[in-house]
Amino acid sequence: MLARTNRILLLSFLLLTSAFLATCHEVDDESEFSYDGESENGPAHWGEIHPEWSMCNSGKLQSPIDLLNERVEVVSHLGRLKRSYKTSSYATLLNRGHDMMLRWEGGAGHIEINGTRYQLNQAHWHSPSEHTINGRRFDLEVHLVHESEDGKTAVVGIMYKIGRADSFLSMIENDLKALAHTKGVERKIGVIDPKQIKLGSRKYYRYIGSLTVPPCTQDVVWTIVRKVRTVSSEQMKLIREAVHDDSETNSRPVQAANKRTIRLYRPNDPEE
């Protein structure tokens, strides 16, 4: 009797854990939603597709947002972004339906925010950028998705405008081309050093938001690098064409800031 009770408790725990993970992580199969504003499964209706996606419509801390100067508080106490990434992490590429995801097997090191370590698990790209600065949308945005041991999420975002080619995308260009027009195929691409994804600036925005794709989980710690880097038009097109989802964009519309605190870290010492 005791053994049966233990099995039931274990099963209940596994089911609850599975449900929790399903509502915390970005979906790997993005076929159930679209970015078409006129579609029944477009951004305005994401929260209606599944009960566990309801936060997409009802949440008050949704992302992306406009980083408007008038809302931003300039501070120096946040400190530099502490990145301790691994240089020997093996990675795979996966076409999730609307974006290409670079996933590191077993994680690729971590960042530290307010004493909490968040492991780097994956990166993916949105075109055009999802976040805007003073209403301006840029050509591309990469999201580096991290998770703490207790399941909390922190995302580092970097925006790009058309210009010189990005060295990191040049490194994985052939792999992106090899996965073009495939879906659900995860391709091993060897050792990928996440340090090669350059920040270019110590200044960054910090606010609390959400995942920008279903299930739109909230309480995500966002760090958006202030410097806008460059990417070639060919690289930007490759990112979109490799997905081949018949959509010109894969960016969620800007969400209401709802009086959230948005800080811009700027070091007192220019050399810091």
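The second largest pocket in this predicted model has a volume of about 150 Å³, a volume being the space filled by probe spheres set on grid points that are joined across faces, edges and corners. A pocket is an open set of points on a 1 Å grid over the protein atoms alone, where a 1.4 Å probe fits, with protein on both sides within 12 Å along at least five of seven lines; lining residues have an atom within 4 Å of a point. Among the residues that line the second largest pocket are Arg80, Leu81, Arg202, Lys203 and Tyr204. By class, this lining has four nonpolar, three polar and three charged residues, with Tyr counted as nonpolar and Gly as polar.

One disulfide (a pair of cysteine sulfur atoms within 2.5 Å) was counted. The bond joins Cys56 to Cys216, with an S to S distance of 2.0 Å. Cys56 lies in helix H3 (residues 55-58) and Cys216 in the loop between strands E13 (204-210) and E14 (218-225), so the link ties together parts that are 160 residues apart in sequence. Helices (H or I, at least four residues) and strands (E, at least two) are DSSP runs, numbered from the N terminus.

Three strands form an open, mixed sheet in the order E1-E8-E9. Strands E1 (66-67) and E9 (136-137) stand at the edges, so one side of each is left without a neighbour in the sheet. E1 and E8 (residues 132-133) pair in the parallel sense over two bridges; pairing requires at least two bridges found by DSSP.

Residues are numbered from 1 along each chain as its sequence is written, and side-chain values use heavy atoms, without hydrogens and water. Local features need pLDDT of at least 70 and side-chain atom pairs count only at pLDDT 80 or more, while totals for chains, interfaces and linings use all residues.
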